[in-house]
Structure formats: structure tokens, C-alpha cells
Amino acid sequence: MIHPILKEAHFHEIPEGKKDFCTSVVLDVGVKQKSGSDQFYATVATANGLKEFFVGEAAIAIRGLLLVDSFDITLIKHEIQNILDRCSKTTWEETAISINRFFPWEFDEMKWK
């Protein structure tokens with residue numbers, strides 16, 4: 001089985017306050033035994049931060065959204081890893097497709113031969 005790990009999380013912004021925020025994150029995900037990684041994308045926000053970000057929108061649909069109580073990098077990385085732990089499959093492609101259900105993959109919708 002392939003066990004994906006979060007190697008790094010690149011936050012678009014580090015919020016000044018810990019309460020209300022909405023930011024995008026690029027997730028470098030790979031396997032422990034290899035140096036490479038693929039990128040997946042997430043939006044991390046508090047409920048109020050998300051509401052403020054989408055003021056005036058009638059509806060929103062977001063795949064890759066992680067709602068948290070406050071900005072805590074350790075907690076956010078832990079929760080992302082919890083999701084990754086549920087995505088283990090036999091091959092990397094199967095694993096990445098499983099992760100893609102939660103966080104859009106850089107190769108989303110790519111046709112495999």
C-alpha cells in the first residue's frame with residue numbers, strides 16, 4: 001500500500017489574527033521513501049472568514065475546503081494528514097486520485113494511458 005504524507009504546506013497568507021480567515025494552501029504530498037511530491041490545493045478557513053471572503057455570492061461550491069476553528073498550523077497539518085491517511089491505495093495514481101476527492105490535484109482530469 002502507498003501511504004501518502006504531507007511533506008509541506010505552502011500558505012498563500014498567514015493570517016494576522018487567529019480567528020476569522022480564509023486562505024489558499026498548496027499541499028506537497030508524497031511518500032516517505034521518495035524525495036518527490038505532487039501538489040494538491042486546499043482552502044483553509046473559519047466559517048466567518050469564508051463568509052466574509054464570499055460576501056455577495058448567492059452560492060458557493062468548494063472542493064478542497066477545510067473548515068477550522070482558528071488558525072493553528074499544527075492542527076491544520078494534522079487534519080490534512082488524517083485525510084491523507086484514509087487515501088492509501090495500491091499505486092500512487094490510485095492514491096492521488098483518492099486524495100483528489102478531497103483536495104484538487106495538479107493532474108486533476110488528466111487522462112491516463
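Which residues does valine 29 touch, not counting residues up to four places away in sequence? They are Pro4, Ile5, Leu6, Ser37, Asp38, Phe40, Leu84, Trp92 and Ile99, where contact means heavy atoms within 4.5 Å. The model is predicted: local features need pLDDT of at least 70, side-chain atom pairs count only at pLDDT 80 or more, and totals for chains, interfaces and linings use all residues. Residues are numbered from 1 along each chain as its sequence is written, and side-chain values use heavy atoms, with hydrogens and water left out.

Valine 29 is found in strand E2. Helices (H or I, at least four residues) and strands (E, at least two) are DSSP runs, numbered from the N terminus. The relative accessible area of valine 29 is 1%, so the residue is buried; buried means under 20% relative accessible area, exposed over 50%, and partly exposed in between (1.4 Å probe, protein chains only). Asparagine 82 is 53 residues from valine 29 in sequence, and the C-alpha to C-alpha separation in space is 13 Å. Strand E2 as a whole is mostly covered, with eight of its ten residues buried.

The sheet can be described next. It is open, has four strands in the order E1-E2-E3-E4, and its pairing is mixed. E1 and strand E4 (65–67) stand at the edges with a single partner strand each, so one side of each has no neighbour in the sheet. On average, neighbouring strands are turned by 35 degrees against each other, direction ignored. Two strands count as paired if DSSP finds at least two bridges between them. E1 and E2 pair in the antiparallel sense over seven bridges, and histidine 10 stands opposite valine 26 in E2. E2 and E3 also pair in the antiparallel sense, over eight bridges, and form a hairpin with six residues between them. Threonine 23 stands opposite valine 44 in E3.

Two helices pack on these strands. H2 lies across E1, E2, E3 and E4 and runs at about 140 degrees to E1. H3 packs on the sheet by touching E1, E2 and E3, and its direction makes about 15 degrees with that of E3. For these angles, axes are lines fitted to C-alpha atoms, for helices over the stretch in contact, and angles run from 0 to 180 degrees between N-to-C directions. Within H3 (residues 92–100), the buried residues are Thr95, Ala96, Ser98, Ile99 and Asn100. The buried residues of H3 pack against strand E1 (4–11), strand E2 (22–31), strand E3 (38–45) and helix H2 (73–85).

In the segment after H3 is tryptophan 105, which is buried with a relative accessible area of 4%. Arginine 86 is 19 residues from tryptophan 105 in sequence and 16 Å from it in space, C-alpha to C-alpha.

What is the nearest side chain of opposite charge to aspartate 28? It is lysine 7, 9.0 Å away; Lys and Arg count as positive and Asp and Glu as negative, while His and the chain ends are not counted. Aspartate 28, in strand E2, is buried yet has no salt bridge, that is, a side-chain nitrogen of Lys or Arg within 4 Å of a carboxyl oxygen of Asp or Glu. A polar contact of 3.3 Å does join the side chains of aspartate 28 and glutamine 39. Such a contact is a pair of N or O atoms within 3.5 Å; within protein, one must be able to donate a hydrogen and the other to accept it, and residues adjacent in sequence count only if both atoms are side-chain atoms.
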